[in-house]
Protein chains: 2
Amino acid sequence: METATRPAQEGTLPSDRDTGVTLEVHDAPQCSAVNDILARVGDKWSVRVVMALEGGSRRFNQLRRDIPAISQRMLTRTLRLLERDGLVSRTVTPSVPPRVDYALTPLGESLCDPVARLGNWAIANIGRVEAARAVFDGEQD
Amino acid sequence: METATRPAQEGTLPSDRDTGVTLEVHDAPQCSAVNDILARVGDKWSVRVVMALEGGSRRFNQLRRDIPAISQRMLTRTLRLLERDGLVSRTVTPSVPPRVDYALTPLGESLCDPVARLGNWAIANIGRVEAARAVFDGEQD
DNA sequence: CTGGATCCCCGGTGATACTG
DNA sequence: CAGTATCACCGGGGATCCAG
């Protein structure tokens with residue numbers, strides 16, 4: 001990207017700062033949307049749950065066993081958020097012992113690919129990141 | 001703890017199917033590493049800062065203006081985290097008014113691609129997500 | 001089995017003031 | 001200009017108990 005003129009996407013903020021110069025503002029609606037999705041993906045548990053569902057439909061307690069570290073509260077909350085965003089479907093079977101199955105929706109499955117790419121980047125570069133951390137922490141002395 | 005008392009369960013491994021395309025590290029030490037990277041990317045501010053740095057080196061207060069909503073404290077913290085992970089470089093010029101330039105490292109630039117893919121997914125699907133939310137919230141009545 | 005409700009701790013985050 | 005220090009608030013998240 002050229003440093004000369006930065007792209008002024010849509011800095012039409014109503015209460016834009018008096019910068020005089022029209023700086024590009026990344027506070028576009030799209031930007032917050034992206035940030036929003038990223039926050040969901042970066043959520044501590046969302047990705048774990050999605051990964052567990054990549055193998056097919058799972059019941060509540062199956063997921064609990066798949067992700068031992070998650071608490072019941074957080075699993076419920078995470079599933080609700082994913083369901084609300086249309087990434088996960090929730091199917092209740094009103095049997096005597098209630099049965100609830102969770103599964104990825106097509107939208108949820110479509111999210112797996114870009115997430116997997118990011119995950120692959122992480123796997124490929126975690127060594128460098130950890131090395132950088134070691135150097136940084138060492139220098140902090 | 002996950003000391004499940006269940007006996008030898010038959011081969012119903014949760015997610016051990018070999019998709020070949022997606023992540024296959026559901027229970028490796030790498031998993032926490034991936035989660036870690038995802039958390040950084042999903043961090044409220046990290047991506048914004050990285051985006052601002054894609055256009056080239058920027059100084060501290062330039063970044064503050066680029067991201068009006070960020071507080072000084074959070075910008076400092078975010079930059080430190082990114083620097084620690086080797087994603088951003090910090091260059092101090094000991095001039096009379098101190099000058100500090102931040103820039104993406106090659107590692108940081110390499111992260112931009114997978115993040116951008118995820119961002120594109122978000123932009124492409126934010127409509128569906130919001131629609132799903134509207135439906136969900138409506139049903140909650 | 002699948003959750004909801006409650007209590008409570010801790011850390012992330014903003015606001016503000018100060019410094020080299 | 002580029003931070004650091006301090007305070008205060010709030011929500012994330014675990015533990016636990018209860019319900020359908």
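Let's start where the two chains come together: helix 5 of chain A passes helix 5 of chain B in a left-handed crossing. Left-handed here says that the near helix is turned anticlockwise from the far one by less than a right angle. Helices are DSSP runs of H or I with at least four residues, strands are E runs of at least two, and both are numbered from the N terminus.

Before going on, a word on the source: this is a predicted model, where local features need pLDDT of at least 70 and side-chain atom pairs count only at pLDDT 80 or more, while totals for chains, interfaces and linings use all residues. Residues are numbered from 1 along each chain, chains are lettered from A in the order written, and side-chain values use heavy atoms, without hydrogens and water.

Back to the helices. The table sets out two packed pairs, with axes fitted to C-alpha atoms over the stretch in contact and angles running from 0 to 180 degrees between N-to-C directions.

| Helix pair | Angle | Axes apart |
|---|---|---|
| Helix 5 (residues 106–139) of chain A and helix 5 (residues 106–139) of chain B | about 165° | 10 Å |
| Helix 2 (residues 46–53) of chain B and helix 4 (residues 72–84) of chain B | about 75° | 10 Å |

Helix 5 of chain A and helix 5 of chain B are therefore roughly antiparallel (over 145 degrees). Their contact residues divide into 14 nonpolar, four polar and four charged. Nonpolar covers Ala, Val, Leu, Ile, Met, Phe, Trp, Tyr, Cys and Pro, charged covers Asp, Glu, Lys and Arg, and the others, Gly among them, are polar. Among the residues that meet are Leu107(A), Trp121(A) and Arg128(A) on one side, with Leu107(B), Trp121(B) and Arg128(B) among those on the other.

Helix 2 and helix 4 of chain B, in turn, are roughly perpendicular (65 to 115 degrees). Ser46(B), Val49(B) and Val50(B) in helix 2 meet Leu75(B), Thr78(B), Leu79(B) and Leu82(B) in helix 4.

Now for a single residue. Leaving aside neighbours within four places in sequence, Arg40(A) is in contact (heavy atoms within 4.5 Å) with Ser46(A), Leu81(A), Leu82(A), Asp85(A) and Arg133(B).

Stepping back, chain A has five helices and three strands, in the pattern α-α-β-α-α-β-β-α along the sequence. Of its 141 residues, 43% count as buried.

Technical notes. Parallel < 35°, antiparallel > 145°, perpendicular 65-115°, else oblique. Buried < 20%, exposed > 50% of the residue type's maximum accessible area, 1.4 Å probe, protein only.
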